[in-house]
Structure formats: C-alpha cells, structure tokens
Amino acid sequence: MARARETALITGASGGIGLELAQVFAEHGFDLIVVARREAELEALAGRCREKHGVRVHVLPMDLLVPDAPAKLVQQLADAGLEVDILVNNAGLMDVGGFADIGERGRGRILNVASTASFQPVPSMALYAASKAFVLSLSESLSEELKGTGVTVTVTKTDMYERAHDQHAVARNLPELFLSDVEDVAREGYEACVAGRAVVVPGLPNRLLASAVQLYPRWLVRSIGGLIGRRATR
Ligand SMILES: NC(=O)c1ccc[n+]([C@@H]2O[C@H](COP(=O)([O-])OP(=O)(O)OC[C@H]3O[C@@H](n4cnc5c(N)ncnc54)[C@H](OP(=O)(O)O)[C@@H]3O)[C@@H](O)[C@H]2O)c1
C-alpha cells in the first residue's frame, strides 16, 4: 500500500536493521530522513532509494551519543521544514525531554527496536538485556497511554539475525532456528508500525520462545541463560 508523502525518520540507517527498515519504508512510498554517523553509507542508501522508489531522502549525519544531538536534530528538522510522521528508534533511545512535557501533534507513529533479550535476563549480555527490557516496558506503557490520541508506539522484539550469528558468541550458541533474515525482521516491524500494533515479535520460533519464557520460573530461565552465557564466553 503506497503511503506517499509521509516521512519516516530512521536512526541507525547506515547498516543492519535500520538500513533494511529504510528500504522497506521507501518501497512503500515514504520519504526518508536517515540518521547515523557514517555519511557515505547514508548517501549510498539515499541514492538507491531515490533511484529505485522515487522518494525524497534527507541525510543527516550525526553522532546520537553526543549529549546535545537530539536537540540539534530537532533544530535541523525545523530549519529544513521537515515533519516526521514515523520515528524509528533503531540506533538507540532518543531522549528529547520528559514525556509529560512533550507536546502532542495528534498523529504520528514511533517504532522502537527492542530485542528478544527484553524478555529475560541474559547473563554475559547483562546491560544489553536490561536496556532492551527498558525499551519494551517503556514502549508498552506509552502505547497504552497514547491510545485514542492519534499517536501510536510499536516495539519490535527483534531476534538475532544472521550477521549477529557471526559476530556475537552468545548468538553462535543459539540454534539456527532462532536466527532471522534481516529483511524479514524489517518487514514485520514495518507492517506492525503502520498498523499501529503495540508489540511484534518477528518469526514464529521467536514468538514461541517469547511465550515460553513467560511460563517458566525466572530462576530456571536465568540459569539456562547463565549456562549459555558461560559457554559463549569460555
Ligand atoms: N543484530 C541483532 O541480531 C539484533 C537483535 C535484536 C535487536 N537488535 C536491535 O536492532 C537495532 C539495530 O541493530 P543492528 O544489529 O542492525 O545494528 P548495526 O548493524 O550495528 O547498526 C547500528 C546502526 O546504528 C548506528 N549508530 C550506532 N551508534 C550510533 C551513534 N552514536 N549515533 C548515530 N548512529 C549510530 C550505526 O551507524 P553508524 O555507525 O554509521 O553511526 C548503524 O547504522 C539495535 O537497537 C539493536 O539493539 C539487533
């Protein structure tokens, strides 16, 4: 379904899931604002999307870890007269102020990229899992709070995809069944976002795993995670 002339801002669009998400949004007729540090990769993506899908793409190279980056980004958008219809928080959390203080426009969508690590503690990836649990909880609460306002929040509990399998020891200890194709992950995230769904877990095996870890006692889930983590970091 074409949704021409709406704009999606995607952080971390120079590689991985963010790059795939950008291509899926472009394919569906969205203009793009793409943010990451590597300008050359963003420009290459922009060129491909303009040529293939005829969409407008604004490249905003930026390090989002710099404390004033969110304010700078908001200023750059205002200066360029750009409005954001869909915000895809893929590179990380963008803190633009207290939630209670943020004015509401009455429409728009947010897609937060979490992880299957959001469901349970992951020994050997403790900080990562804790931060993704934060993203999941925050997104679910906001999704409820914003019901009826025209603004929706979707969170994808993305699983490890193939490249992560090569890069991370923990992923190498997971059965291949739980590894996804990065394009499928982006497509499922996109579909859920435009449909305004609160939560999506891409891939049937991961949906089953996500349900299973809710059923077992925390000590058991934690201990199994510890075994996998110790094997991975040995
Ligand atoms: N990989 C997996 O299997 C997996 C599984 C579950 C969830 N996730 C989640 O999915 C999201 C994307 O992961 P990924 O694997 O696609 O990551 P990735 O391939 O490493 O890509 C990360 C993207 O974020 C950008 N980025 C990183 N630090 C940045 C900064 N300080 N400022 C601006 N941009 C920055 C990078 O661009 P530059 O380097 O150009 O800045 C890149 O475009 C993350 O939220 C991750 O937690 C991933």
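Mentor: Gladly; what follows is a tour of helix α1, starting from the sheet it packs on. Please keep in mind that this is a predicted model.

Let us begin with the sheet. Seven strands make up an open sheet with parallel pairing, and their order is β3-β2-β1-β4-β5-β6-β7. At the edges sit β3 (57-61) and β7 (199-200), each of which pairs on one side only. Helix α1, residues 16-27, packs on this sheet and touches β1, β2, β4 (86-89) and β5 (108-113).

Strand β1 covers residues 7-11 and strand β2 residues 31-36, and the two pair in the parallel sense over five bridges. To find your place, look for T7, which stands opposite D31 in β2.

Helix α2, residues 39-53, packs on the sheet as well, touching β2 and β3, and its direction makes about 175° with that of β3. Strands β2 and β3 pair in the parallel sense, again over five bridges, with V34 opposite V59 in β3. The chain gets from β2 to β3 by way of α2, in a right-handed β-α-β crossover.

Now put the two helices together. The axes of α1 and α2 are 10 Å apart, and the packing angle is about 20°. That angle is why α1 counts as roughly parallel to α2. The crossing of α1 past α2 is right-handed. On the α1 side the contact is made by L19, A22, Q23, A26 and E27, and on the α2 side by L45, C49 and H53.

Helix α1 has another helix to meet: α7, residues 182-195, whose axis comes within 8 Å of the α1 axis and crosses it at roughly 55°. The two are therefore oblique to each other, and their crossing is right-handed. Here α1 contributes G16, I17, E20, L21, V24 and F25, which meet V182, E183, V185, A186, R187, G189 and Y190 in α7. The residues of this contact divide into eight nonpolar, two polar and three charged.

Key. Residues numbered from 1 in each chain as written. Predicted model: local features only at pLDDT ≥ 70, side-chain atom pairs only at ≥ 80, totals over all residues. Pairing = 2+ DSSP bridges. Helix = DSSP H or I, 4+ residues; strand = E, 2+ residues; numbered from the N terminus. Contact = placed C-beta atoms within 7 Å. Axes fitted to C-alpha atoms, helices over the stretch in contact; angles between N-to-C directions. Parallel < 35°, antiparallel > 145°, perpendicular 65-115°, else oblique. Left-handed = near helix turned anticlockwise from the far one by under 90°. Right-handed = clockwise from strand over helix to strand, strands pointing away. Nonpolar A, V, L, I, M, F, W, Y, C, P; charged D, E, K, R; others polar.
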